[in-house]
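Me: I have a structure open and want to go through the packing. Can you take my questions one at a time?

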Amino acid sequence: MVASEVRALFAVASRPEVVSLAGGMPNVAALPLDQIGELVRDVVAEEGPAALQYGSAQGDPVLREQICDYMTLEGITASPDDVIVTVGSQQALDLITRVFVDPGDVVLCEAPTYVTAINTFAAFQADIRHVAVDEDGVRPEELDEALNRAAREGRRVKFFYTIPNFQNPAGITMTAQRRARVLEVCERHDVLVVEDNPYGLLRYDGEAQPTLYSQGTGNVIYLGSLSKTLSPGLRIGWALAPAPVRAKLVLAAESAMLSHSTFNQLVVRRYLRTFPWREQIKAFNTMYGERRDAMLGALEAMMPAGCTWTRPEGGFFVWATLPEGIDAKAMLPRAVAERVAYVPGTGFYADGRGRADMRLSFCYPTPEQIREGVRRLVGAIEGELDLRDTFGSTLAPPAEGHQAPAPDLP
C-alpha cells in the first residue's frame, strides 16, 4: 500500500478559499436533513433494542428486499437471497477480491479506472492490467486481446472490473452495443465480470442502458450503492451475486467485520419505506445536471486550445487532457497556489500513465464556484504553457508503481 506526495497538497486544498474540483463527495446538504433526523429519532424510539444489537453479515432481510425493489429502476429482477449488504460498494469490491484473487492473479480493468479499486487489487497483490476505453466505453477487441495474451502466458484472469455508467474518473458510458460485445468476450473466455454501478440513477441526458447483470448468463457480479443517491455517511452498498459466490462473500464479510451496522440499516430501511426517495433522486438529477452544465460551459468558454474533455451524460466527473507537454501532476502545486484543486490522472492507472490528464468533479461546488474554479484552473494551465514554450515539456517520466491520491477522493 502506497501513498504519494499528492496527499500533502490536498491538506492545503481543503482550505475554504480553495475551490475543490477534486473530491467526488455528493452534496448531502440538499437532503431534507430535518426529516432524516426524524427518521433517526423514530428508529431509536421504536426499534432501539434491535437497532443497537448485532446483525447478520448478509444484511437485514427487509432491507435486502427493498434493495431488490430499488434495482428494478435499473431493469434488474433479483431475489433478496442473492443480495449481500456491504459497507458501501467499496467493501463489496474488497470482499470479491479477497475471495477470488491470489497473489499474481491477473485482474483486468478499464484505463483509467476507479482509484480505490486499484488500491484494493494492489493490496491483494494482483497483476493489474488495463484495457483502453474511448467515448463509447471499453474497447471489446482490446479486452479480447488482453484475455488472449494472459492465456498465452498461462495466466489466469480472475475478473474484469468495469464501471459502465458515467465512469469514475472518465465520465463515459458504455453503449448498449459495447455491453453486449463485452459480455460475449468474457463469457467466451469464462471470465467473471464485476459491474460497479454507483452512479447509474444519476442521469441528466440520453437514454438509460441495460445493466450487464440483466443481460449476463450468471457470470456478472453487480455492485450497487446508496452513497450517491442518499448518503455516503450511512455506508450502505451491496453485491448481487450467484448463490455460490454470495455464500463465500458472506463468509468473507463475517471474518472482516462480523456484522454490519444494524442501526444504519434500519435507518435506511425506514427511509426507503416512508420517504419519497424516487422524487429525491429526481431532485438530485436536476441539481447535479445544472452543475454538470456549468462545468461544461465553463470549460468550453475558457480552456486554452489543445485541451480536451469528456461530456458525461450523468455521474460526477469530467476527464480532461492537457495540451501536449503539460504534466497535470507537476502542475498541481501551481493550481493550489491559484486556489483550485483537481485530481491528477496518474492515480487512476496502475502503471504510471495519465500524467497529462486530470479528473474534475462538479458534484459538490455550486455552479458559481465551478465557473470560478475553472477560471483559476485556466490561469494555472496558462502559466504551465508559458513554461513549456520557454523551456520545453514539463512532462516528467512516469513514476514506478501506483501513486494513490488522498483517500477522501471517491
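What follows is a chat about helix packing, nonpolar cores and one leucine.

Me: What kind of model is this, and how are residues numbered?
Reply: This is a predicted model, in which local features need pLDDT of at least 70, side-chain atom pairs count only at pLDDT 80 or more, and totals for chains, interfaces and linings use all residues. Residues are numbered from 1 along each chain as its sequence is written, and side-chain values use heavy atoms, with hydrogens and water left out.

Me: At what angle do α11 and α13 pack?
Reply: Helix α11 (residues 277–302) and helix α13 (residues 367–391) pack at about 30 degrees, with axes 9 Å apart. Helices here are DSSP runs (H or I, at least four residues), numbered from the N terminus. Axes are lines fitted to C-alpha atoms over the stretch in contact, and angles run from 0 to 180 degrees between N-to-C directions.

Me: Parallel or antiparallel?
Reply: The angle makes α11 roughly parallel to α13; the cut-off for that is under 35 degrees.

Me: Which residues of α11 meet α13?
Reply: R291, A294, M295, A298, L299 and M302 in α11 meet P367, I370, R371, V374, R375 and V378 in α13, where contact means heavy atoms within 4.5 Å. The residues of this contact divide into 9 nonpolar, no polar and 3 charged. Ala, Val, Leu, Ile, Met, Phe, Trp, Tyr, Cys and Pro count as nonpolar, Asp, Glu, Lys and Arg as charged, and the others, Gly among them, as polar.

Me: How about α4 and α5, what's their angle?
Reply: Helix α4 (residues 88–100) and helix α5 (residues 115–123) pack at about 30 degrees, with their axes 10 Å apart. That makes α4 roughly parallel to α5. Q90, L93, D94 and T97 of α4 contact T116, A117, T120 and F121 of α5. By type, the residues there are 3 nonpolar, 4 polar and 1 charged.

Me: Switching topic. How many residues are in the largest nonpolar core?
Reply: It has 70 residues, and M71, M295, M331, Y342, M358 and L360 have the most contacts inside it. Helix α11 gives the most to this core, with 10 residues. Such a core is a set of buried Ala, Val, Leu, Ile, Met, Phe, Trp, Tyr and Cys residues joined through side-chain atoms within 4.5 Å.

Me: Last one: is L39 buried or exposed?
Reply: L39 counts as buried, at 8% relative accessibility; buried means under 20% relative accessible area, with a 1.4 Å probe and protein chains only. L39 is in helix α2 (residues 33–51). Leaving out residues up to four places away in sequence, L39 touches R270, Y271 and T274.

Conventions:
Helices (H or I, at least four residues) and strands (E, at least two) are DSSP runs, numbered from the N terminus. Angles under 35 degrees count as roughly parallel, over 145 as roughly antiparallel, 65 to 115 as roughly perpendicular and the rest as oblique. Buried means under 20% relative accessible area, exposed over 50%, partly exposed in between (1.4 Å probe, protein chains only).
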